[in-house]
Amino acid sequence: DSNQLLWMGNQQGNIGVDGNLYTRKGLGQVLLAAPLAWLGLVWPSVGIVHVALLLNPLLTAWAGALLFRAGRRLGWRRSTSIATALIFGLATMAWPYTQGYFSDPVSAWGLLAAAYGMVAYAQSGRKHYLMGAGAAWGIAYLTRTINLMTLPIYLVGLFFVLDALTRQTAANTWRARLRAAFWQNWRPVVSFMLPVVAAGLLSLWWNWFRFGSLFDTGYVESESFSGDWLAGLFGLVAGPARGYFWYNPALLLGIAGLGWFWRHQRVLLILLLTLVVLYVVVYAKWYMWHGGYSWGPRFLVPITPFLALLAGAGWQALVERRRLGLFGMALTGALLIWSVAVQWLGLLA
């Protein structure tokens, strides 16, 4: 059906080997939206477009639920876990992005769900959590191919989880620990990697089906990592037009959360920050680092739930433990009100 846009050339896709116009995007979002689209077909009075547009609201709400569960697994109070989910859902640009069909909220959900699955497996030892983590990561990868860059971070996280479960001593070399972590726990490794490999094979097939090459995703030469890297870094982090924290000021609470994670979840903190920095550094080099016609730095939407987790730790450190004076409470309240007001600007536009 995309051939109805064929007159626009390669602007809304790319010409495949069979002469048809194909999207440059992956299959992940399409597969997730297919049941909703089917519902729209069998229920014409609702409309296929309106039902399909429910995908991002549903996944964003699910991500909020995962943040709540993550907080509880980290030992936070129920009130802190609820605050974490609400900060993510109502005080970050995750909320305005529920209105559209951008793939960034899907990536946010997939990457967060994969991380949560590993944390849940570390606590419960149930392999279905790892299977779910691999499937969630696979959907994030199928949605945006660039998420492949995050796979090493998740593999390192899996190593630390399995290493803890095998109770290796500090006297062992890292090579011995690596072998023990993966070879003595091959079933959990397979549980995680099976959907990851399946997603990779499906992505290669999709490239071949559309453009006749396993590694041709359809992006044209001008769409490349050729931007001004320093300008992109400044623009994404603090620039007045697309600076991340101008659109998500409540996440500045995460500064106070760094101390809690460093004391209680140091490995998780390092992996989390690595993922965040990687996203910023890579997209700062993209020729259109600002994300084009969008609300704020949309390419950074996938890291928002991870920074919300840091903000939740900051909430616990400052508010729950009563470490704020009257001025601090007023400042925190003003920060949250400002954040919600910014999201309303995006919602009203």
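Before I show the pockets, let me say that, on a 1 Å grid over the protein atoms alone, a pocket is an open set of points where a 1.4 Å probe fits, with protein on both sides within 12 Å along at least five of seven lines, and that its lining residues have an atom within 4 Å of a point. What you see is a predicted model, in which local features need pLDDT of at least 70 and side-chain atom pairs count only at pLDDT 80 or more, while totals for chains, interfaces and linings use all residues. Residues are numbered from 1 along each chain as its sequence is written, and side-chain values use heavy atoms, with hydrogens and water left out.

The largest pocket holds about 1,800 Å³ of space, a volume being the space filled by probe spheres set on the points, which are joined across faces, edges and corners. Its lining is made of 45 residues, and those nearest the centre are Gln-12, Thr-23, Arg-24, Lys-25 and Gly-26. Helices here are DSSP runs (H or I, at least four residues), numbered from the N terminus, and H1 gives the most to this lining of the largest pocket, with five residues.

Turning to the second largest pocket, its volume is about 620 Å³, and of the 28 residues that line it, Met-118, Val-119, Val-161, Leu-268 and Leu-271 are the closest to its centre. Helices H5 (104-124), H7 (151-166), H13 (266-283) and H14 (304-320) are the elements that each give two or more residues to the lining of this second largest pocket, and H7 gives the most, with eight.
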